[in-house]
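The sequence and structure come first.

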Amino acid sequence: MAMAEKESPLAELAETSGVRLVCVFGPDGSLLSCVPSEMEGSSWMEFLQAWSGHPCLSQPQLREMALFYPNSLVIWRRIQQEKELPDGSLGSGQALYRNLLLVAEPSASLSLLRVSLDVKEHGWRGLGIQKVFPSASGKGSGGSILSKLFRRPGN
Amino acid sequence: MKRPTDQGPVSTQPETSGSPKKGFIGLFAGLELPNLIQMMAMNGFTGKVELRCGSRAGEIYLRRGDIVHAQLEDTFGVEAFEELLGWVEGEVLLEADRQPPAQTIDVPWHALLIQAMARIEDREASPEKTPEPSHGKSPTQASELLRLRSFHRMLLDRPGVTNCLVGKAGEVICPAQPVPKLLSWFRIMWEVLETSSRIAPPEAGGGPLMLSMLMEGRNWLVVPLGDCVTAVELAKASDLSGIHREIVRLWEQR
């Protein structure tokens with residue numbers, strides 16, 4: 001794994017047994033992080049990109065899904081932050097989220113991967129999701145246009 | 001797929017004097033009898049289903065969803081029930097809470113319905129069958145519906161399964177009247193399944209065999225079965241592969 005990937009917040013997940021590829025997309029479908037990076041041009045990436053912008057995944061009641069294909073296991077999870085951070089970067093009532101997609105061997109354990117995701121997600125939320133996975137523009141919360149326009153006074 | 005609310009006009013009125021308990025009497029038109037009986041059984045209905053066809057009249061009694069008595073002129077029990085279920089037109093009068101005069105049937109309702117529909121199919125297929133006017137779904141379609149409902153019931157009876165939806169083309173078939181929230185969830189499940197088949201890369205090895213979804217903290221397993229889809233809500237820490245195998249086995253046996 002290259003040095004840049006070692007520094008990626010997804011590096012540990014990518015090293016979990018059976019995992020082939022992990023990506024995080026912004027709400028606008030932009031790729032924010034991908035490990036291993038050489039998979040960026042692969043057909044899996046096209047598939048994950050298509051999923052990341054699919055209207056089904058914007059349903060608020062849906063938080064996670066796992067697709068069991070004959071040759072692969074694909075997990076999608078919405079990583080969401082609703083609480084205001086100490087620096088006030090996220091106004092109350094706003095939801096900030098990223099789409100995480102992971103491709104693993106078909107024999108990989110879903111329960112184990114879920115636990116790994118839970119642990120990582122907890123850590124990312126503590127740090128601030130917009131800091132761990134900054135939006136493609138590199139500014140602000142990465143939320144909607146409205147959230148950028150209507151920032152709280154003093155931010 | 002017809003839903004109960006599509007099955008023609010329904011009128012209800014307060015029970016007339018002389019009936020033993022409070023309840024309702026309903027007149028239905030343009031429905032299919034096996035579907036009606038199935039729906040009543042699944043909803044735990046108690047009372048009488050009175051049937052009239054021309055000058056003939058018969059009755060079926062249910063007690064808490066179990067079919068316990070049937071009479072057609074001087075025929076009783078399973079034989080009368082099967083004869084009545086073969087009627088394709090007539091009038092149906094429901095009288096809730098009416099107790100049966102006798103118990104002439106002691107067979108689980110799903111087995112009774114499946115057996116009755118199979119006999120009707122055999123009769124339809126035999127060369128000496130009496131021609132009857134076609135009305136609504138064919139017995140084969142009704143029989144398939146009964147099999148789906150029986151499959152649905154078997155899954156619901158399985159330990160660890162707390163909810164079950166069976167449907168086709170984004171519409172729920174079983175249960176007959178799903179709560180709106182579950183119906184909208186089923187449509188999401190259907191769309192996810194369809195999309196995940198359509199856009200799967202060649203490396204995936206084909207469409208998904210199953211799909212696990214977390215909806216409002218509830219864990220669902222969605223399994224494509226031919227042109228149908230089954231979604232079961234599972235208790236936490238369920239063995240997904242084991243339940244998937246069980247669903248496929250029950251589907252193949254249905």
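Predicted model: local features only at pLDDT ≥ 70, side-chain atom pairs only at ≥ 80, totals over all residues.

B:Gln103 sits in the loop that links strand 7 (91–96) to helix 3 (109–125) of chain B. Leaving out residues up to four places away in sequence, B:Gln103 touches B:Val68 and B:His69. B:His69 is 34 residues from B:Gln103 along the chain, and the C-alpha atoms of the two are 5.1 Å apart.

Chain B as a whole contains six helices and twelve strands. Its length is 254 residues, of which 32% are buried. When contacts in chain B between residues at least 6 apart in sequence are considered, 56% connect residues at least 24 apart.

The two chains meet through 20 residues of chain A and 23 residues of chain B. On the chain A side, helix 3 (43–52) and strand 3 (62–68) each contribute at least two residues. Strand 3 of chain A gives the largest share, seven residues. By class, this side of chain A consists of twelve nonpolar, six polar and two charged residues.

Strand 3 of chain A also pairs across the chain boundary: six bridges connect it to strand 10 (residues 210–215) of chain B, and the two run antiparallel. A:Leu62 is placed opposite B:Met215 of strand 10 of chain B. Within chain A, strand 1 (residues 19–25) and strand 2 are likewise antiparallel, with four bridges between them. There, A:Val22 has A:Val35 in strand 2 of chain A as its bridge partner. The two pairings are set out below.

| Strand pair | Bridges | Direction |
|---|---|---|
| Strand 3 of chain A, strand 10 of chain B | six bridges | antiparallel |
| Strand 1 of chain A, strand 2 of chain A | four bridges | antiparallel |

Both pairings belong to an open sheet of ten strands, paired antiparallel, in the order 2(A)-1(A)-5(A)-4(A)-3(A)-10(B)-11(B)-12(B)-8(B)-9(B). Strand 2 (31–35) of chain A and strand 9 of chain B form the edges; each has a single partner strand, so one side of each has no neighbour in the sheet. On average, neighbouring strands of this sheet are turned by 20 degrees against each other, direction ignored. Helix 6 (residues 240–253) of chain B packs on the sheet, where it touches strand 10, strand 11 and strand 12 of chain B. The direction of helix 6 of chain B makes about 40 degrees with that of strand 11 of chain B.

Helix 5 (residues 180–198) of chain B is made of 19 residues and spans 27 Å from first to last C-alpha, close to the 27 Å expected at 1.5 Å a residue. Its buried residues include B:Trp185, B:Phe186, B:Met189 and B:Trp190. The buried residues of helix 5 of chain B pack against strand 3 of chain A as well as strand 8 (161–168), strand 9 (171–174), strand 10, strand 11 (218–225) and strand 12 (228–234) of chain B.

The largest nonpolar core has 92 residues, and helix 5 of chain B supplies its largest share, seven residues. Among the residues with the most contacts inside this core are A:Leu102, B:Met189 and B:Leu211. Beyond its neighbours within four places in sequence, A:Leu102 is in contact with A:Leu13, A:Val19, A:Val22, A:Ile75 and A:Leu113.

Definitions and conventions
Residues numbered from 1 in each chain as written. Chains lettered and ligands numbered in written order. Contact = placed C-beta atoms within 7 Å. Nonpolar A, V, L, I, M, F, W, Y, C, P; charged D, E, K, R; others polar. Pairing = 2+ DSSP bridges. Buried ≥ 20, exposed ≤ 12 C-beta atoms within 10 Å, placed from the backbone. Expected span 1.5 Å × (residues − 1). Axes fitted to C-alpha atoms, helices over the stretch in contact; angles between N-to-C directions. Core = buried A, V, L, I, M, F, W, Y, C linked by C-beta atoms within 7 Å.
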